[in-house]
Amino acid sequence: MPMLAHIGDHLIVESPTTGATRRDGEIVGVHHHDGTPPYDVRWSDSGRVSLVFPGPDAHIQTEARASAWPLSDAEVAALVRDASAAPSMHNAQPWRFRYFRGKALFHVTADLARTLPHSDEDLRALHLGCGAALMNLRVAAAHTGRPPTTRLLPDPDEPTLLAAVSLTGPPGDEEDLSALYPAVHTRHTSRAPFAETEIPEPVRTTLREAAGAEGVSLSFASGWHLQTVLDLTLEAEARNLTDSGSAEDLTHWARLSEQTPRSAAEGVPPYAFGPRRRGGKAPVRDFAGGKPIPGRESADFESSPQLALLATPGDTPKDWLRTGQAMERVLLTATLEGLSSSFITQALEWPDLRWPLRDPMAGAGHVHMVLRLGYGPPGPRTPRRPTRHTLDIQP
Ligand SMILES: Cc1cc2nc3c(=O)[nH]c(=O)nc-3n(C[C@H](O)[C@H](O)[C@H](O)COP(=O)(O)O)c2cc1C
């Protein structure tokens with residue numbers, strides 16, 4: 001029987017000679033998906049972490065993990081806070097979570113009271129946001145040593161149920177996700193100018209792999225394709241200026257002042273708008289809708305924006321959920337790589353502008369998201385609804 005361990009288990013090394021001390025330590029890293037050695041062990045006597053290839057005098061004590069079950073309500077709420085740090089269009093936070101304590105199972109559902117009726121008629125952006133929250137939940141669960149097993153459940157008979165995440169599964173590929181955890185609360189949308197510095201090819205490859213791990217293709221637009229994406233975005237921005245529906249969604253969620261229909265825990269606050277664009281080519285949505293905001297500065301944006309498109313062959317709610325997860329996996333990876341990011345979805349909101357966004361040379365199917373990536377100031381943290389409004393715990 002090979003030695004198997006989870007993060008959180010204890011490694012006990014019995015003393016081989018009389019009088020020598022027995023050592024024990026917490027396993028804080030497992031190097032193989034199947035739980036076999038080596039392990040990173042934090043020794044209880046020294047507090048130091050070392051890489052250990054356990055010998056025949058060592059055994060695993062799993063009581064720590066067993067006693068960690070069930071999750072306390074506070075731990076469940078912490079996982080939901082991590083999930084809710086995800087991006088969502090206009091910060092509408094269109095998600096809810098139900099936790100079934102007895103089964104250690106989360107249901108992620110869509111909150112249809114938080115849709116954007118004009119800018120997101122088919123609910124694609126809603127699914128992208130919920131997919132991003134689902135990715136954060138997977139990362140957070142892996143971080144606590146409970147590798148998640150996820151099933152996507154878009155079901156025409158129950159349209160609000162999007163996914164089930166079980167926390168009782170064996171260690172698997174998902175343990176890798178815990179490395180992304182430090183970025184969950186440091187990733188923010190940055191609507192500031194980025195440097196012209198090119199993202200190095202190895203970093204681009206890492207980002208492509210992050211999307212690929214979720215079954216989604218990520219491609220950086222260049223040459224005529226980049227120009228097409230910029231032109232289509234400009235066209236969408238021009239249409240939005242005179243489109244009462246899109247303006248209505250913006251007014252509903254952009255918190256231009258304290259006198260807003262939304263609570264302080266949702267929507268985009270003025271401090272996150274970024275400067276007004278004076279020059280440069282990077283398209284950044286102006287949440288002020290052209291209205292003056294006291295103290296808001298103007299700035300030149302980059303003239304060679306670095307835009308990455310996320311696409312899948314299909315265009316179903318399941319593809320959108322997959323892309324939402326891939327988008328967040330890319331953004332968390334980018335954050336750890338020192339990149340800042342924002343979103344450019346104006347052209348995606350007009351069906352006739354969305355189709356020509358794709359790069360026919362790359363053979364990519366349906367584009368679901370355009371990300372702007374680069375080196376620049378990090379964005380500010382924006383508010384989230386408290387878990388008492390988003391989480392329901394069942395026996
Ligand atoms: C599907 C989707 C579409 C978005 N579209 C835009 C956009 O066009 N322009 C923009 O500046 N931000 C866009 N965002 C970013 C949200 O405004 C942002 O995630 C939200 O305000 C929360 O802020 P945070 O990302 O800093 O946590 C989008 C996010 C998602 C998930």
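A residue is classed as buried if 20 or more other C-beta atoms lie within 10 Å of its own, exposed if 12 or fewer, and partly exposed in between, with C-beta atoms placed from the backbone. The model is predicted: local features need pLDDT of at least 70, side-chain atom pairs count only at pLDDT 80 or more, and totals for chains, interfaces and linings use all residues. Residues are numbered from 1 along each chain as its sequence is written.

Helix α6 spans residues 244–253, and its buried residues are Ser246, Asp249, Leu250 and Trp253. Viewed down the axis of α6, these residues fall within an arc of 95°, so they line one face of the helix. They pack against α5 (223–242). Helices (H or I, at least four residues) and strands (E, at least two) are DSSP runs, numbered from the N terminus. The arc is that of the directions from the helix axis to the C-beta atoms.

Thr312 lies in strand β13 (residues 306–312). Thr312 is buried, with 22 other C-beta atoms within 10 Å. Beyond neighbours within four places in sequence, its contacts (C-beta atoms, placed from the backbone, within 7 Å) include Val216, Asp319 and His366. Thr312 and His366 are 54 residues apart along the chain, yet their C-alpha atoms are separated by 5.5 Å.

The ligand is surrounded by 22 residues, each with its C-beta atom, placed from the backbone, within 6 Å. The closest are Pro87, Asn91, Thr189, Arg285 and Phe343. Helix α3 gives the largest share of this shell, four residues. Domain 2 (73–187 + 383–394) and domain 3 (201–289 + 300–374) both contribute residues, so the ligand lies between them. Domain bounds come from an automatic or database domain assignment.

Note on methods. Contact = placed C-beta atoms within 7 Å.
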